[in-house]
Amino acid sequence: MTVDVDAYRTAVPEMASFLGVDALDAAMLKLAAAHPDLASLRRVGTSGLGEPISMLSIGSGTRNALFFACTHPDEPIGAMTISHLAELLCRDDDLRETGDFTWHLIPCVNPDEVRLNEGWFQPPFSMGDFAARCYRPPSDRDLEWSFPFFHETSYFDSTLRETQMLMRVIDDLQPVVMGSLHNNVFGGVYFYISGEDAALQETLHRMPAAEGLPLRLGEPETPYIRELSPGVLLFPDPKDRYAYEVAAGADPETLSLAGSSLTYASRYGTRGIIVEVAYFDDPRVADQTAMDRSVRAVIADSTRIAEEGLAYLEPALEAVGARLRTRSVFEESVRSNLGLERATIDAKSTWAESAPETLAAATVADLFANRQEVKIRRLINLGTFIRMLETEVIAGHGNPVVRQTLEDARVRFQAWEDDLESELEARVVPIRKLVAVQLGAVLAATFAAPRD
């Protein structure tokens, strides 16, 4: 099965803005209506707020390929990729008929929370605007990581409605290949795959450079992740996270770790891929120049920055907490994210202080991942805190403490934004480039899938 992945990648058109939920729904409906002999649209689930979730199926092959996006609501690039892929499959007979596939595409599995991010979907794009309007749900409502998982003392079955929808789709299709499309704010391009594949790894490794994008070569998101080749990682087994958390001092009796979509689909032998791209890039994310500081020292620096963020946000939340009368999704997110930040600091510090590999020299990329990316995270947390307070004021519950805290938080946000911008050598990455990399990765993974 030979497909010229690069030809499809380079043909991706320019895209000025991100599509919101309504525009995505309209695009899928239009394709199904225009190509009734090729494509069908069916409802596969319902969001927590009652919104229909639909899947577009294209082709008539005997092998199923499943791709979906927006499991994390502040990550709309995958929706753009799926929208483009759907149009491509409907008009390109050769691509659609190669490999005996039926393609199943869900551009937005999380419409309720994607709508909370649509405020930054239009240009001009900036770091400050993104952080001020970004919404991430509480960690216990992370759709990608809310699949059932049982291991030793860890037990998780608190699946979300949207997760149950994906489970039903996976069980029904038993896909040969499946992809969950993601993105970051910063950090360059990287990929997770479900198993070693030298040819696929080589294709994925070279693809970002062809679009002028850096690979993310700094420290992995978590220490237990295994790198297969630069920028290509083995998708982590939750069992590895369990071992890491216990080694870092977590009480195994209280651990409740969830599985992911790829973990769940592995029961069917599904080839899985997760594609991570970034809105902004900086040349340092891929700079492997060794520094005269150890990884341990760099992590200690990132811990200090994170602690500074918590030193402001935790007391500010405590000051207004009892006075809040509006129980908003923003409050839930702030409380969860601050708790997660605290747990991450503790676990990473424990690991860094004991792991011998952290005595090695840090690279410039390591420093960026542990300094600028931490500052981005604290700015996003503060932006959500401000949205929480603004919601309270708009609802007519803005008592003096809430209003004063809001005023102080806006001043602090500007200071943190200025500090971050002063350290960045950033550019806004054209949406076309990000979609091109994701599309290329989707096609490469699909047509590398072995036949039985």
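Biologist: Which residue in β2 is the bridge partner of Ala39?

Modeller: Strands of a sheet pair through backbone hydrogen bonds, either parallel or antiparallel. Here Ala39 is bridged to Ile58 in β2; a strand is a DSSP run of E with at least two residues, a helix is a run of H or I with at least four, both numbered from the N terminus, and two strands pair if DSSP finds at least two bridges between them. β1 and β2 are antiparallel, with 7 bridges. They make a hairpin with 5 residues between the strands, and Gly50 in the turn has a positive phi of about 90°.

Biologist: Before I go on, what am I looking at, and how is it numbered?

Modeller: This is a predicted model, in which local features need pLDDT of at least 70, side-chain atom pairs count only at pLDDT 80 or more, and totals for chains, interfaces and linings use all residues. Numbering starts from 1 along each chain as its sequence is written, and side-chain values use heavy atoms, with hydrogens and water left out.

Biologist: In what order do the strands of the open sheet run?

Modeller: Follow β1-β2-β4-β3-β7-β11-β8-β10-β9: that is 9 strands with mixed pairing. β1 (39–46) and β9 (227–229) are at the edges with a single partner strand each, so one side of each has no neighbour in the sheet. On average, neighbouring strands are turned by 25° against each other, direction ignored; axes are lines fitted to C-alpha atoms, for helices over the stretch in contact, and angles between N-to-C directions run from 0 to 180 degrees.

Biologist: How many bridges join β7 to β11?

Modeller: There are 8, between β7 (residues 177–184) and β11 (residues 271–278), and the two run parallel. As a landmark, Asn183 sits opposite Val277 in β11.

Biologist: Which strands does helix α15 touch?

Modeller: Helix α15 (residues 431–447) packs on the sheet against β3 (63–69), β4 (101–106), β7, β8 (190–193) and β11, and its direction makes about 170° with that of β11. Contact here means heavy atoms within 4.5 Å.

Biologist: Which residues touch the most other members of the largest nonpolar core?

Modeller: Phe67, Trp103, Phe191, Leu382, Phe385 and Leu443 do, out of 105 residues. Such a core is a set of buried Ala, Val, Leu, Ile, Met, Phe, Trp, Tyr and Cys residues joined through side-chain atoms within 4.5 Å; buried is under 20% relative accessible area, exposed over 50%, partly exposed in between (1.4 Å probe, protein chains only). α15 gives the most to this core, 12 residues. Leaving aside residues up to four places away in sequence, the contacts of Phe67 include Trp103, Ile273 and Val442.

Biologist: Now charges: how many salt bridges are there?

Modeller: Side chains of opposite charge can pair when their charged atoms come close. The count is 37, taking a side-chain nitrogen of Lys or Arg within 4 Å of a carboxyl oxygen of Asp or Glu. In one of them, Arg136 meets Asp74 with the closest N and O atoms 3.3 Å apart. That pair links distant parts of the chain, 62 residues apart: Arg136 is in the loop between α6 (127–133) and β5 (149–151), and Asp74 is in the loop between β3 and α3 (77–91).

Biologist: Is Asp74 buried or exposed?

Modeller: Asp74 is buried, at 6% relative accessible area, while Arg136 is partly exposed at 26%.

Biologist: What does Arg378 pair with?

Modeller: Arg378 forms a salt bridge with Glu308, at 3.6 Å from N to O. Arg378 lies in helix α13 (residues 364–394) and Glu308 in helix α11 (residues 295–321), 70 residues apart. Both belong to a salt-bridge network that also links Asp301, Arg304, Arg371, Lys375, Asp419 and Glu423.
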